[in-house]
Amino acid sequence: SSHKHNAITGGIGFRRNNFFFDAAYVYRVSNGDRWVLPDSEQYKYETNVPATYKSKNHNIALTAGFRF
């Protein structure tokens, strides 16, 4: 099977005295082909056509805290 994954990431942080706050972002794109049936003698008469997929994900992470 073939896969391709790409990601764009970024982040920013803020600190003042004993307080901090951070934010991060990830945009990920994946695509490729998956085969439903395994390559096996058992399935030699079946049509083994790959399923094509494309996935897009957005993730945000936030953290905050106090230093003590």
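The model is predicted, so local features need pLDDT of at least 70, side-chain atom pairs count only at pLDDT 80 or more, and totals for chains, interfaces and linings use all residues. Residues are numbered from 1 along each chain as its sequence is written, and side-chain values use heavy atoms, with hydrogens and water left out.

**Sheet**
- Three strands form an open sheet in the order E1-E2-E3, with antiparallel pairing; strands are DSSP runs of at least two residues, numbered from the N terminus.
- E1 (2-16) and E3 are the edge strands, and each pairs on one side only.
- E2 and E3 run antiparallel and are joined by 16 bridges; two strands pair if DSSP finds at least two bridges between them.

**Aromatic pair**
- The whole structure holds 1 aromatic pair.
- Phe19 and Phe66 form this tilted pair, at 5.4 Å centre to centre and 55 degrees between the planes.
- Ring centres must lie within 6.5 Å; planes under 30 degrees apart count as stacked, over 60 as edge-to-face and the rest as tilted.
- Phe19 lies in E2 (residues 19-34) and Phe66 in E3 (residues 51-66), so the pair ties together parts 47 residues apart in sequence.
- Phe19 is partly exposed at 30% relative accessible area, while Phe66 is exposed at 63%.
- Buried means under 20%, exposed over 50%, and partly exposed in between (1.4 Å probe, protein chains only).

**Tyr25**
- Tyr25 sits in strand E2.
- Its bridge partner in E3 is Ile60.
- Tyr25 is partly exposed, at 32% relative accessibility.

Technical notes:
Phe/Tyr/Trp six-rings, centres within 6.5 Å; stacked < 30°, edge-to-face > 60°. Helix = DSSP H or I, 4+ residues; strand = E, 2+ residues; numbered from the N terminus.
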